[in-house]
Amino acid sequence: MAQIEIDGKQVTVADGSTIIEAAEAAGVYIPRFCFHKKLSIAANCRMCLVEVEKAGKPLPACATPVIEGMKIFTHSEKAVQAQKSVMEFLLINHPLDCPICDQGGECQLQDLAVGYGGVSSRYQEEKRVVFNKDFGPLIAGDMTRCIQCTRCVRFGQEIAGQMEMGMAHRGEHSEITTFVGRAVASELSGNMIDLCPVGALTSKPFRYSARTWELTRRPAVAPHDGLGSNVALQVKQNRVYRVLPRDNDAVNECWLSDRDRFSYEGLYSEDRLNKPMIKEGGQWRECEWKDALEYAANSLNLIRQEVGAEQLGALASPSSTVEELYLLKKLMTGLGSGNVDHRLRHSDFSADAYRQGAPWLGRSVASLQELDRVLLIGSSLRSEQPLLAQRLRQAVKRGAHLNVVHVADDALLCRVAHKLIVAPDALAQALAQVVKALGERAAVDAEVQPLLAGIEVSETARSIAASLTTGENRSVLLGNVAQHHPRYALLHRLAQEAARLSGAAFGVLGEAANSVGAYLAGALPAPGGLNAGQMLATPRKAYILLGVELERDSYNGQQAMAAMQGAFVVALTAYKHRAHEFADVLLPIAAFAENAGTYVNTEGVAQSFRAAVAPRGEARPAWKVLRVLGNLFELDGFSQDNAEALTSEALGNTPLADKLGNALRPGMNLVLDKPDGGRLQRIGEVGIYQTDSLVRRAASLQKMSAAPRAWMHNSLLAQLGLSEDETVTVRQGDAAIQLSAACDDTLPAGCVRVAAGHEQTALLGGLFDEIRVEKSKGQQQTAEHTPS
Amino acid sequence: MLSPAALQQIDREVAKYPPQRKESAVMSALRIAQTERGWLAPETIEFVANYLEMPPIAAFEVASFYNMYDLSPVGRYKLTVCTNLSCTLMGAESVAGHLKQKLGIGFNETTPDGKFTLKEGECMGACGDGPVALVNNVRMCGKLTPAEADRILAELE
């Protein structure tokens, strides 16, 4: 510890802290532009110059470490003079366009110019002009305003993991740019907008739409990945204009992924359902809430009486709130049906009977940064959980070994120690290799041991095992691809064993905003009830859909759509989507920002939020709709007045941590089959901007999202007699669509990667099932679909 | 993009640094690439960046910072006249003016026949010989006068 004096105040600070940190601790503000607590020190704006006793010239506070007995003056004549001069220099080339600048009102340069600048400028000469560049659909650039603080450059290098911005040229000609005007592609790019202290980088979707002082900040929780980033919604006249991060070091720090930041655009899509609708005699008509609800309730009741409650099924989106999921379960239980599920993209439910708690991350989000050894299984982490990928990147920078077992070799933008990239049907084999290699050091569980007979351990698997047995903090993490995999139970059990043998924490990465919450709220099949896979494989007579866009949210969109044919479907949905093709009643529900509720993130932390704006049109919060349905069925326990009352009822009084758990009970019937080399397999992971209904309708994000293509190894292209960019016919089950073929030599052999969640690929079959690819006969561009 | 000989030269530069620090060789690699291709097109810079496993923008930062790298095509002979203080005091402006008039081009321009490009240079560390000029980044000509400049031009004809 060092005893120093700042502006006459005695402060004790840790050795090695900088003057700016010490000042912060002492409550003294030092102006700055280039300094940011999460970025490296650049000391290039010079705004933080302060006077230090016995130092000849003013020193930059951000880059000067304190020493015992240092006396610092932040407001002395010398310091003020230095700050004033720096400000005068900064303003020389800065345009006076604040009235038309989007940053106006929240601009650090504007604020500090008032606080530390002179009244007028002595500069009479011509100002420099920097031509604008196009940074893509999310970031607007006005580079004449740039003061070269290089925060955006350092963010790319240090946080996003890819340097896309750089400072080109020199001296007065230096300018921030991307390489030959390329668009910024990072999934975290929006943070550069926040970091930019001036109006050089601003939000393109928000541009010219509102002034910051007209906007009200409302706290909320991001509705996409399992992290549950804390956001502030900026609202004006009942409309969300912008989404910004709220600082929370335990969750998202000061960052936000682009998906969480820009998805609000989807709220204002043309596809929103504004009024309840009923289909009568094949014709849709808008109607009153009362009519729609009564029609739905009466019809469901009739079906229940005629064919039995087990013919009713409820499918919910894991982005629904705890309260909604809880009420849905309660409603179904009241109706006598145990058929409830939220795991639409799962295909293997055989671990259900052995689950002991809600699958979760296995450790705190913040502690990911302290990991020394990681085994990441079946996860395209950057698109699944952009900010968790960032946390792991920081861990790797500290020296952590990141080991990967996956079906595709996507760049994680950090050093990967060892990787096993295999076809989906060989994923369990690959993981078994790691377990067997770990078993060379410790005894494998008797349940798993028989699976390992005949497994040949590769050199890489042995290296992964060796890596996992060193280091202090270790984690084994299961990603979305593993969870959607047709042999998920086996992967889970093997991963659990790998974690046990290596002494690592075992984590399952929550797929959606409320995946953990959905387990806790009980949105799962009751004993004897059907899970999502069974409900769609053996069609029910009636379905209640909560916030799902079945064709794009299911493991097998084709099968899901087939199940809907001939069934009575009540869809609680914020969007019309394809529901008008198969549903019978459409009930408009509130979307993100319009709804109060609770999400439980992948760490098991419940975060509640209130509605920030009123729902669009006649839409109502889904929990209220479910409550009314419950009353129409004359069920008990549907009289809650507010979401808070529901929250405590849904989550109970015991600490959530007691209900979390990834370990499976022993006794599972495990079989590890050999990969079947003969058929082509689809790698159908969900695209980063295709995860849920809201983000799919966010126009700017969709511009960032590449159209799906049929990616394969060049040997497969050659084998099928195809060439790159050629239009090919991709078939799964009865569906055939036209896609352009693309070459990716990092893909395993025998695999075709066709992203899921896109409109074009919605009606293909299972995400990791067999797929056929052939030359297109005609050159028809539109997708043909032949329903069964 | 680059010949095996050029790549071999780059490899020799890369070998001077630790294996994880390939990008340390970026300046030499860009020089070698420029010598071979005549100038540094974006594709050339990107090739060098990929070869050294660094982001293209980082290589571009270097290429655009130093003015001996040419980001646009230059003539067969690039004459870079230093116009910093010492050379200017010794008459760099009259030498530059003479060259401009003789070649009929200004700074950063190339003669229509593609033979000469005139550039304004920064201090080359040879102030004692000022005014100085560089021919194609490698040949230094000192104590320039208009007459001496004519002699050099004649030599390059």
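Predicted model: local features only at pLDDT ≥ 70, side-chain atom pairs only at ≥ 80, totals over all residues.
Let me begin with one residue, Cys149(A), which sits in the loop that runs between strand 6 (139-141) and helix 4 (151-160) of chain A.

Is Cys149(A) buried or exposed? Its relative accessible area is 7%, and buried means under 20%, so Cys149(A) counts as buried.

Which residues does Cys149(A) touch, leaving aside those up to four places away in sequence? They are Phe33(A), Cys34(A), Asn44(A), Arg154(A) and Pro197(A). Arg32(A) lies 117 residues from Cys149(A) in sequence, yet their C-alpha atoms are 9.7 Å apart in space.

I turn now to chain A as a whole. Its secondary structure amounts to 24 helices and 33 strands. The radius of gyration of chain A is 28 Å, close to the 28 Å given by the globule rule for 788 residues, and therefore the chain is as compact as a globular protein of that length. Along the principal axes, the C-alpha atoms of chain A occupy a box of roughly 90 × 65 × 60 Å.

Of the 788 residues in chain A, 62% count as buried. If we take contacts in chain A between residues at least 6 apart in sequence, 73% of them join residues at least 24 apart.

As for the surface, chain A exposes about 29500 Å², and carbon and sulfur atoms supply 50% of that area. Chain A carries 81 positive and 89 negative charges, whose mean positions are 2 Å apart.

Finally, chain B. Its domain assignment gives domain 1 (4-65) and domain 2 (77-156). The centres of these two domains of chain B, taken over C-alpha atoms, are separated by 28 Å.

Notes. Residues numbered from 1 in each chain as written. Chains lettered and ligands numbered in written order. Heavy atoms only, no water. Helix = DSSP H or I, 4+ residues; strand = E, 2+ residues; numbered from the N terminus. Rg over C-alpha atoms; globule rule 2.2 N^0.38 Å. Buried < 20%, exposed > 50% of the residue type's maximum accessible area, 1.4 Å probe, protein only. Contact = heavy atoms within 4.5 Å. Areas by Shrake-Rupley, 256 points an atom, 1.4 Å probe, with all protein chains shown as cover. Lys, Arg positive; Asp, Glu negative; His and termini not counted. Charge placed at Lys NZ, Arg CZ, Asp CG, Glu CD. Domains from an automatic or database assignment.
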